[in-house]
Structures are given as structure tokens and as C-alpha cells.
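Let's take a friendly walk through this structure, one region at a time. Please keep the viewer open as you read.

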Amino acid sequence: MTIDADRPLAGQPAVGLPSISQPSIGHHGEAKAPPGRLNRAAFGRAALGRAGRAALLATGRTPVPDAIEPIVEAHRRHHPQADLTLLGRAYRTAETSHRGQLRKSGEPFITHPLAVTMILAQLGAGTTTLVASLLHDTVEDTEMTLAQVGAEFGPEVAYLVDGVTKLEKVDFGAAAEAETFRKMLVATGADVRVMVIKLADRLHNMRTIRHMKPASRIRIAKVTRDVLIPLAERLGIQVLKAELEDIVFATLHPEEHARTRALVAAHEAEPDGLLQPFAEALTRQLAESGVAASVTVRARHCVSVHRILLKRSAAAGPDGLPQALQPADFGRLLVTVEENADCYAVLGELHTCWTPLPGEFKDFIATPKFNLYQSLHTAVALDGGAVVEVLVRSRQMHRVAEFGVVALGDPHHPGGQQQPGEQAGQQPVGRPGEPERTEGGDPARPGWLSRLLEWQQETPDPDIFWSALTADLSDDREITAVTEDGERLQLPAGASCVDAAYLLGEETGHRCLGARVNGRLVALSTVLGDGDVVGVLTEQAGPSGPAPEWLEYARTPAARLAIERWLAEHPAGAPSTAPAGPQAGPGGRPSSDVPAAPNADPGAARGETPPVAVPGSPGAPVRLARCCTPVPPDAVVGYGIRGGAFAVHRVSCPAGERLLEAGRTPVEPVWVAGACPPFGFRVTLEALALNRPRLLADLTAVMSAEGIGIVAAAVEPPQDLRVRHSYTVELPTAEMLPAVMRAMLRVSGVYDVYRAGLRHRNGDDPPSAGMRPSRGIHGRSAAFTDT
């Protein structure tokens, strides 16, 4: 299917909706008959005569200008009772306003709003959207004002037109494009139809992009790739997204596009001996089972085929050579049914009569995607060994999968417009039994859009806004996590516990101390998975703020901006805004439980002096390795890393030895007396104990009582009534480590405590095979032995 309001780019495959040709425009905006349509031009407009006009009026329908008749036909297929009076008036206004203007292609300018409106009519957009589409360039490119649009067509149309009107470069300079998108997104927050019109506008401009200069083509294609295609995906409008992807691919990578198109053309030239026969066999099987369904072959668009080609090329086949495309790679089967329950009946027949592939089944009906998408996905192996992907969905799911938010109707008049295939009195979209379309059940304000609008308010700088926007849209996958209180959190894939904390509120993020995921204490850097249950641990006192390292694993713009803002307002070494008295504890948080280190320089305790100095490189940045967590007075060795910095490892650290084997030159750093990293020394301790109830609670309690911060905790499954606990902690001073280890050892059932990351005790010979060394407090590690 193709949305065909203009010719696609040369070599561009047809994608999307049924083809309806764009009428050409003659003198004063009257339409000439397009090729392939009823040859009305042979009769002439006057030949219709008064009798023809009278017959048209007798139908009860308002006559419309000839130029928009194709649009009216497409619109009436979706909205049979639509009032077209306003649509005809909008066309006459647009044609008069744009008269005499030409596009880069040399065509009358009015062909552009007509083409954009045709795209929207084919999508099933409402009459108000089509009126705004016809007028969308009048304020920007003609003498017509927004006030005139509002006076003649109403405030709703004026709002949509204003939303897609670009800001002037004269007023905003280089920031005009970024600020235009900001303005458009803010308007979309109140009415999602603004972005729908913009996407249709960009699709027609991309179809005619060949008339632009090469540099402009590249710039426009990159913006389309980075911003508009992800927005089309988030709004669920797959038919627009697919065609935009193909045109961008042809513009930015013409040679690869040509090769992929040649493969597709070669496949299309051959008889279909796989997918179509399988579709017919499945149709017969479903008919015998009494399941009413339609089975069709859906060809993949060019970019989709190219992605599979890259995947095949990267994977070696049985002969060790890259795999070639298979016939099944060029398409999938789509099964559409009437009722939701029938989807699972089809799935049962598929998995009974053919061999399903393990791990390929996905149920997006029970758990819809964030962009409204619902379907069952599976893959089955045929008799010859070919693997075919199959999608199963209801007809209503199919409409939403193809047209996204447009299929849900006018967000400001729910139920006010009939949906295609519905008779008067039937229930509109959103009927009982359908899952929620968005987080709040409001298709006009998806959750991802709400989050985007929140963080954009904190980025007045257009460059920062543009960078954050493209980063936020770069990954169209999302996950759903659940708080321990049952609140759903929609996060981008790759989000960490820090992102979850800040999604719960900036104050919660600033007060965050740690996190639990699925009941286990984890590091704040832990990446969340779909369905994880996350608990954010916060301090009871006022917010003490994030650590700079949180920026390394904050994925969402909202979290990053909040952290950067806090760090800018609270520079290192500045007096804390927390209540006076407590000393900075682990993670940069004040804690009244952390005792001040005796004879320690206050400046050093705040991290103003590096804890390690490298002879011959004064002032060089140093980083204490996380793999072996050195603390004074460990014997250490340093290795140069990027940026002129040094990584400091314990002498016996395997990672350090690998750097030496790789040819890195070692240096001998020395500990600086009284100095401490900005957020304390990080150490990983392991405790061996006899398993019992409340062991985890007792160990964490005694460590907290010593005034240290617990960054992460892990518990291995018990074996023979024994269990191993691992804790990563942050120490305000190195001198506290022996006291913490002794406190852990005093916990009932604990029989050994030692530091992780060592193969044997400092200064000892390696243990005999089959014997576990005692590397901790019972073994009296050399690092803490009194001399």
C-alpha cells in the first residue's frame, strides 16, 4: 500500500496506503483530470451542465471544488457523514493565498498542501485536521495572519496551523530550527494532531527532495532520521515511518539503497514459491478450524530488508561464509481476525500444525508497546526448513498498528467521528476489552511526550535542547518497571536505577541512597529490565544531592539535566546546603553517623587532594581501579590511560597484570597521607557465614552503624548451609576498614570476612589446589597487621 499524493523518490518502493493520484492544478487552481481517472476532462466542466449540478445537490452533499475531489473521496471512506463545507472553503482560501507561488520543482505551491491533505485523508484524519492541513503554510508563506485563520475557521484550526508554523530565522538565527521543534512539541502536548500534520508535511517534502540542493538534501534527511522518524514511531504511524525511512536511506546511502532495491526487484520478479503457498495453506487450515481470518503476505520495505541483509552478512552459515538473504526474508504473513480471542485461536493452529521456533513468540496484545502497537508475533518452520514470521492481530489492532494515534480519532472529540467499518450506534475506539492505549489512557498525551515536555522546560539553551532531544529519540525501545508500591514507570531501554529515581521526582532523585531490584540490593548503575520491580532507597533528611559519577549511567535527559543542574549549583569544595554539622558521607551525602577522621585535613577529606601521587607527573589525574579497590596502605602500581590520567591497581590485581602484559609501562604511585577521594574509598568485602534468617539485615545494620555507605550487595545461593555475601561499600577514610570488617565478623553465624579481588593473601604463597585461602580478618591480611 502507498500513500501516493505525489510521486515517490526515484526507485522508492511503495509503502503504506492505497494509491490515489494527485490532481494537477490548472489556471486559478482548477483541477485537470489526472491520468487513469474517469476522463471527465473530455466532457469539460461546463458539460456537466445544470442537470448534473442539480443531481449532485439532490444527493444532499455539498459540492466541492474539483481539485479536492480525490481528497473528499478518501475522506468519506473513513468519515461518510463528514461535513465538507469547511473543507471546500479552506481549499479556496489556500488556493487564493498561494496563487502565483511556485515550489522548487516549478509546480504551483498549492500542490503541496493538497498532497499533505491527501496523505492525512488516507490515514483517516478528521475534517478539522484536513482543514488545518490545507492552511498549514498560509501564515508562514503568505500575507494571511493567524488571527484571520482563527476568525474564519475557528480557534481549533488556528491552533493546529500555529503549531506547525516555523519560527523566522530573522528572529532566532541559527537556533530557529531547534526552537521550531520545541514550539511544535509543546503544541503537540496539547493536541497530538500538530505532529501528525508535521509528519505528513515532511513526507511530501521528502518525496520531492530531489529538487533541493545536495547539501540541503543531506541536512533535511538527517533531521528526518534523527527526529521525525522516531516521532512517527512513537505515535505509532508505521506507514509514514516506513516510507520516510526508505527515502532517508536513498538520500544518505544511495549506493546501498540501490543494491538493496536490486535484491528486492530480483525477488519480486520471481514467482513466490514460499510465502503465498504458506498463506493459502494457513487460510485453509483456519477455515477448517472455524476461525474467520484473512491471511496476506506483507512485503518488507527497503530499510527492513537492508537490516536483515546486514544481520545475515554478519552471521556465518554452516560453511563459515556470510549468509545470503532467503525468500522468507522479503516478507511476513499477516493474519487479521475480528475478535481479540481469535488471535490466540490462530496462534494455537499455527503452533499445532507447524513447528514454532523457541524464543520467537511475543505477546504484544497482553502487554502493548508504548506506541499503541498490539499483535502476536511468532515464527514457524515449514517442511523445507524455511522459517516464516507471522503476525496475528484483530482488524482494529491493525488500524492502530498502521495509523497509530490517527486511528483513535479526534482526541478533543472522542467518539464524535465514526471509525471506518463502524455503523451508527456502534461503540467507538476505546471499547471495553481493549487495553489502555497509553500510560494514562489518554492518546492525546502519551507518557513519553509528557516526560519530554517536562525536561525541555529546563533547557533554555537551544543547542542543549537539540542534543538532548536527538539523544532521547535515538532509541525507540522502552521498558516498563514497577515500583514496590505498584506504580508503573515507563523508561527507555538501557535506563538505570538513577533514571527510575529521577522519574519519581527530582527531589527523590537527589535524596536517593541506593536501590533494590526484584528484592535485591543493587548498584545505582544497574540497568533495569522490562518488568523489574524497583525500590528507591532515600534518606530521611533533606536532599544531599547526586554524585558526579551518576552522569555515567543516567540514560534519560530528565535525570542528566537534574544532576548537571545540582552539580553546577553545588561545586566540589563549596559549603554544603545541607543542615550544618554532618560531615560528607559516602556518595557525597551528608551523614551525621559518619565520624570525622582524626588528624585529617578537612580539605583533603573533601577530595581536594588526590589520594595517590605519581612521581614525575605532579597534578596528573588518578583513578582507583574498581576491580581491586585499593586503599592505603596497599601496595599499588599505576598504568597510564587516556587523557594523561593513571589507573591505580593493587600489585596483585589480575587486571593490572593484563595491562602489563599488553605493554603498558608501570609506574610506582605513592599514597598521600590524609588524602581521600571525593566520595570515599570504595571497597568490596565478602562475608562467609552459616545461612540463617535475617543475616542480610544484621550485616547491613552493623555496617551502617559504622557510618559507611553500602553501594551494592549480592547474596549467592546457599550451599551446604553456607552462604557468601558480597558488599561494595564506600569508606570516608581508609582507617575505618579494619573496624568495619571486625564488626561484620561479630555478626552471629559469620565465620570469615575478607576483601574481594585477590587470589591469595598479601605476602603469602598461593594456596594448595583445592584449598580456599583465608584472605580476611581471620587470616590477618598483611595490609592491616600491626607491625
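Predicted model: local features only at pLDDT ≥ 70, side-chain atom pairs only at ≥ 80, totals over all residues.

How do the two rings stand to one another? A pair of aromatic rings is described by the distance of the centres and the angle of the planes. For Phe364 and Tyr373, the centres are 6.0 Å apart and the planes meet at 65°, so the pair is edge-to-face. Both Phe364 and Tyr373 are buried.

The structure holds three aromatic pairs. Another one to find is Phe278 with Trp354, an edge-to-face pair with 5.0 Å centre to centre and 80° between the planes. This pair links distant parts of the chain: Phe278 belongs to helix α15 (residues 275-288), while Trp354 is in the loop between α17 (340-353) and β5, 76 residues apart. Are these two residues buried or exposed? Phe278 has a relative accessible area of 4%, so it is buried. Trp354, at 15% relative accessibility, counts as buried as well.

Strands of a sheet pair through backbone hydrogen bonds, either parallel or antiparallel. Strand β5 (residues 355-356) pairs with β7 in the antiparallel sense over two bridges, and Pro356 stands opposite Val380 in β7. Strand β6 (residues 362-363) also runs antiparallel to β7, joined to it by two bridges; here the bridge partner of Asp363 is Leu376 in β7. With strand β8 (residues 387-394), β7 forms six bridges, again antiparallel, and Thr378 has Val390 in β8 as its bridge partner. Between β7 and β8 the hairpin has five residues, and Gly385 takes a positive phi near 100° there.

For a helical example, look at Ile308 in helix α16 (residues 302-314). With 13% relative accessibility, Ile308 counts as buried. Leaving aside residues up to four places away in sequence, Ile308 touches Arg300, Leu325 and Asp329. The C-alpha atoms of Ile308 and Leu325 are separated by 7.7 Å, with the two residues 17 apart along the chain.

Further along, five strands make an open sheet in the order β10-β9-β13-β11-β12, with mixed pairing. At its edges stand β10 (488-492) and β12 (520-522), each with a single partner strand, so one side of each is left without a neighbour in the sheet. Neighbouring strands of this sheet are turned by 40° against each other on average, direction ignored. To see one of the pairings, take β11 (residues 512-517), which meets β12 in the antiparallel sense over three bridges; Val517 stands opposite Arg520 in β12.

Now turn to a sheet of four strands. This open sheet has the order β23-β24-β22-β25, and its pairing is antiparallel. Its edge strands are β23 (709-715) and β25 (750-755), each pairing on one side only. Six bridges hold β23 and β24 (residues 722-731) in an antiparallel pair, in which Val715 stands opposite His725 in β24. Two helices lie across strands of this sheet. Helix α26 (residues 695-705) lies across β22 (681-690), β23, β24 and β25, running at about 25° to β24. Helix α27 (residues 737-745) lies across β22, β24 and β25, at about 155° to β25.

Finally, zoom out to the whole protein chain. Its secondary structure comes to 27 helices and 25 strands, and buried residues make up 48% of its 787 residues. Among contacts between residues at least 6 apart in sequence, 66% join residues at least 24 apart. The accessible surface comes to about 37,000 Å², and 54% of that belongs to carbon and sulfur atoms.

Note on methods
Residues numbered from 1 in each chain as written. Heavy atoms only, no water. Pairing = 2+ DSSP bridges. Axes fitted to C-alpha atoms, helices over the stretch in contact; angles between N-to-C directions. Buried < 20%, exposed > 50% of the residue type's maximum accessible area, 1.4 Å probe, protein only. Contact = heavy atoms within 4.5 Å. Areas by Shrake-Rupley, 256 points an atom, 1.4 Å probe, with all protein chains shown as cover. Phe/Tyr/Trp six-rings, centres within 6.5 Å; stacked < 30°, edge-to-face > 60°.
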